Number of protein chains: 2
Amino acid sequence: MKKIVGIIAEYNPFHRGHAYHIKKAKELANADCTVVLLSGDFVQRGAPAILPKHTRAKMALLGGADIVLELPSFYASSSAEYFARGAVGIFHALGCIDALCFGSEEGTITPCMETAKILVEEPTAFQNTLKEHLKSGLSFPSARKAALLVCYQKQSSLSRDEHFLDSPNNILGIEYCKALLSLNSAIEPITVKREGSSYHAQKLTDSYPSASAIRQTLAKPSQTEFGQATSDSFDFSLSALWKQVQPEAVAAFSRNFSKEDFLTEDDFSLLLKYKLMSSTPQTLCQAADMSPELAQRILNCLNEFRSFSQFAALLKTKELTRTRINRALLHVLLDISADLPSRTPGYVRLLGFNKNASGFLKTVQKSASLPLLTKAADYKRLLPKEEVPVFEKDIFVSNLYQSVLNIKKQTAFTHDLQKPPVIL
Amino acid sequence: MKKIVGIIAEYNPFHRGHAYHIKKAKELANADCTVVLLSGDFVQRGAPAILPKHTRAKMALLGGADIVLELPSFYASSSAEYFARGAVGIFHALGCIDALCFGSEEGTITPCMETAKILVEEPTAFQNTLKEHLKSGLSFPSARKAALLVCYQKQSSLSRDEHFLDSPNNILGIEYCKALLSLNSAIEPITVKREGSSYHAQKLTDSYPSASAIRQTLAKPSQTEFGQATSDSFDFSLSALWKQVQPEAVAAFSRNFSKEDFLTEDDFSLLLKYKLMSSTPQTLCQAADMSPELAQRILNCLNEFRSFSQFAALLKTKELTRTRINRALLHVLLDISADLPSRTPGYVRLLGFNKNASGFLKTVQKSASLPLLTKAADYKRLLPKEEVPVFEKDIFVSNLYQSVLNIKKQTAFTHDLQKPPVIL
């Protein structure tokens, strides 16, 4: 019996650690096909992806993925809970995914699954401790963490320390398990131990560097004189990244970077300022991840705005993480409203596939209980009426990304609806 | 008896032809003081002024003006009729302006005044010819021109040919006279013959070059490598421009340009694209100077958008001038709605004055029947309630200009309300 394994990813950008994960996912799930659900042009940390979605899809296919689908924009830029709920919801609705494989620090599924169970079932001990800590003034994430630690101590099988709950990979993993439990899904969660650099590592020294380290390396030369003084060491770093990955993926990647065809949040600075200048506390509060306090803070600090990243850093407080602020700002810019992320996924779009996997693509299309758009331009015919404006938001978001890139580079614009899936 | 002469101007940028006009205006009006009503940060051709309003005000003061006031943004970026109506309305409301002096090709006031009379009084011959030509399918400006030529033939004193109606200076002059007649104003219209380059001249060869020629010269080096290869000939051209103008004005001008502290419409390309992408035919049609046909054309051509200027050129048709299109696009960007320009001016802001003219400033403040804001930050206290949102639009518009400049140059932002008048 042929098996299909699902992976939820951003590939921002794709690197050899991701290729390793795809390979291990296939092995662990004993699968013949990998379906990747990829964030579109904006990612969970509330920023544009460094490369457009079709480029990242192509790199993933070159790196071993068989089918790449797009996670709709409002899940892709949501907090971990909604991100996971949307992504797992889509895999569940595909009706043919046997396993979901994600990276974790431990490489064993039990701690994630057990934690997820506590969070879904909310036993009395958990509820009481949570309430107590919230009353004492702890923020929700801190109170929840404290309540979880109490539950761990009560169950001897769960000897987790608090560091387990500090890793972004583990947090996402727990959310995936929660979503699977909530849906009572038959998809089996499995996990690959993360190798090499930690999630936030900023240096390119490890054999498996983080995407974050790659972005840092890429962003720096563009701020000085890209292609000149720094390019030698830059090329060297990049080539080191790509051992074990097909040379075509490296080529796709290098093409974009040599032309400076990549975006950071600061390419959206002017748009954000314009949007914020046109906002009131009321209109700001309609955006997902916004709070009345943050809205007021944004308007109070607006005269100090110099760039997207500088402004997000300026707004940071003890209570608000930088990611949360970035997301709130991004949601203002993209007009992503607070009520969107909690809805159930209503469609999924094909970004690319491997010709060898076209049989699997047919299986997926057959078994899916939600529309799989293989030709985006057909959306009005294929989507239920209520999904049309939601999908149009995805199109707007991608067109905005493309516009910023095109105006920056003075190149021709291609409408997102005109972009066919990548076929390898 | 001391006399005050008024000048309506854009000074985009200020040059020696403008200094000559100020000098002649004082002579012809036998005036002791010149009050300039200056367009703010956006000008009548539907584009940002190349330099911020306070810089242009300073140059005007250095070039001989005594008091500089700001023409509110929605008049400044309106068609000739509303532009003139707003500007003359302000001068009339100041209650102490003796003469209004504008440039014309002929240098005599009679043809402008007589034409204005025909347009205000609309004699039967005019009305009939206008109707006839409109029926035959001519556009309104062409039909009006034809009807005027018929009236000229009937009045032997008016031996004007059609070229008289082709000059933008004359068209504006006629509109000023129309506005004075409509208001039954005691302000005497006088005119200075335009010397040197024609309004649209693109070359810097004449002794009195056009502002348009200067902008062209300035825009070019910034598109290549400003300050390098082209800078020698550029400096040479600029210094030629400035003979007869105080060296301080040249210095103010050169400082901005050496730092590339100037804006063209293409610095607003990304903002315009974003705004157009977020628009519908209905929302577009709320903007001043928009028509349903133009709105539809804009949305149909949106995928071909590469920059503000390229898009405006692309949209040009036989029926629509480039200026009209630029204005419609600018009004979309600035949210300047179709109902604004037809209102009566409700305030005027002081941009700068010459200390020697502070006595005149007191005269102006005393006699004015509308609030003269000398400290912009006091606007809520000084303006009638209904003028507050109108003035706030001016502030928004200037802050947007400043934001684009600051984000382009990565310099600090100063809120428009914090900018005091320039005092020389």
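What follows is a short exchange about a predicted model with chains A and B.

Colleague: What makes up chain A in terms of helices and strands?
Modeller: Chain A has 19 helices and 10 strands. Of its 424 residues, 56% are buried. Its accessible surface comes to about 17,900 Å², and carbon and sulfur atoms hold 51% of that.

Colleague: How do you know how far apart in sequence the contacts of chain A reach?
Modeller: Take the contacts between residues at least 6 apart in sequence. Of these, 73% join residues at least 24 apart.

Colleague: How do you know how chains A and B are related?
Modeller: A rotation of 180 degrees superposes chain A on chain B, with 0.0 Å of shift along the axis and an RMSD of 0.0 Å. The two copies are therefore related as by a two-fold rotation axis. The same surface serves both copies, since 100% of the contact residues of chain A recur in chain B.

Colleague: Which residue of chain A comes closest to the rotation axis?
Modeller: A:Leu271 does, with its C-alpha at 3.0 Å.

Colleague: Which residues of H6(B) are buried, and where do they sit around the axis?
Modeller: B:Phe126, B:Thr129 and B:Leu130 are buried. They cover an arc of only 105 degrees around the axis, which puts them on the same side of H6(B). The buried residues of H6(B) pack against helix H5 (110-121) and helix H7 (140-154) of chain B.

Colleague: What does the other face of H6(B) carry?
Modeller: The face turned away from the buried side carries exposed residues: B:Thr124, B:Lys131, B:Glu132 and B:Lys135. Just after H6(B), B:Gly137 has a positive phi of about 105 degrees.

Colleague: Why is A:Asn30 called exposed?
Modeller: Exposed means over 50% relative accessible area. A:Asn30 has 59% relative accessibility, so it counts as exposed. A:Asn30 is in the loop between H1 and strand S2 (33-39) of chain A. Its phi is positive, about 55 degrees, although A:Asn30 is not a glycine.

Colleague: Why is A:Glu122 called partly exposed?
Modeller: A:Glu122 has 36% relative accessibility, so it counts as partly exposed. A:Glu122 is in the loop between helix H5 (110-121) and helix H6 (124-135) of chain A. The phi of A:Glu122, near 45 degrees, is a positive value in a residue other than glycine.

Colleague: What makes the pair A:Ser309 and A:Asp266 a polar contact?
Modeller: The cut-off for N or O atoms is 3.5 Å. The side chains of A:Ser309 and A:Asp266 are joined at 2.7 Å, so the distance passes. A:Ser309 is in helix H15 (residues 308-315) of chain A. Leaving aside neighbours within four places in sequence, A:Ser309 is in contact with A:Glu265, A:Asp266 and A:Arg322.

Colleague: What is the omega of the peptide bond joining A:Asn12 and A:Pro13?
Modeller: Omega is about 0 degrees, and the bond is cis. A:Pro13 lies in the loop between strand S1 (4-9) and helix H1 (16-29) of chain A. In chain B, the peptide bond from B:Asn12 to B:Pro13 is cis, with omega near 0 degrees. B:Pro13 lies in the loop between strand S1 (4-9) and helix H1 (16-29) of chain B.

How values were computed:
Residues are numbered from 1 along each chain as its sequence is written. Chains are lettered from A and ligands numbered from 1 in the order in which they are written. This is a predicted model: local features need pLDDT of at least 70, side-chain atom pairs count only at pLDDT 80 or more; totals for chains, interfaces and linings use all residues. Side-chain values use heavy atoms; hydrogens and water are left out. Helices (H or I, at least four residues) and strands (E, at least two) are DSSP runs, numbered from the N terminus. Buried means under 20% relative accessible area, exposed over 50%, partly exposed in between (1.4 Å probe, protein chains only). Contact means heavy atoms within 4.5 Å. Accessible areas come from the Shrake-Rupley method with a 1.4 Å probe; for residues, only the protein chains shown count as cover. The arc is that of the directions from the helix axis to the C-beta atoms. Copies are superposed by least squares on the C-alpha atoms of residues with pLDDT of at least 70 in both. A polar contact is a pair of N or O atoms within 3.5 Å; within protein, one must be able to donate a hydrogen and the other to accept it, and residues adjacent in sequence count only if both atoms are side-chain atoms.
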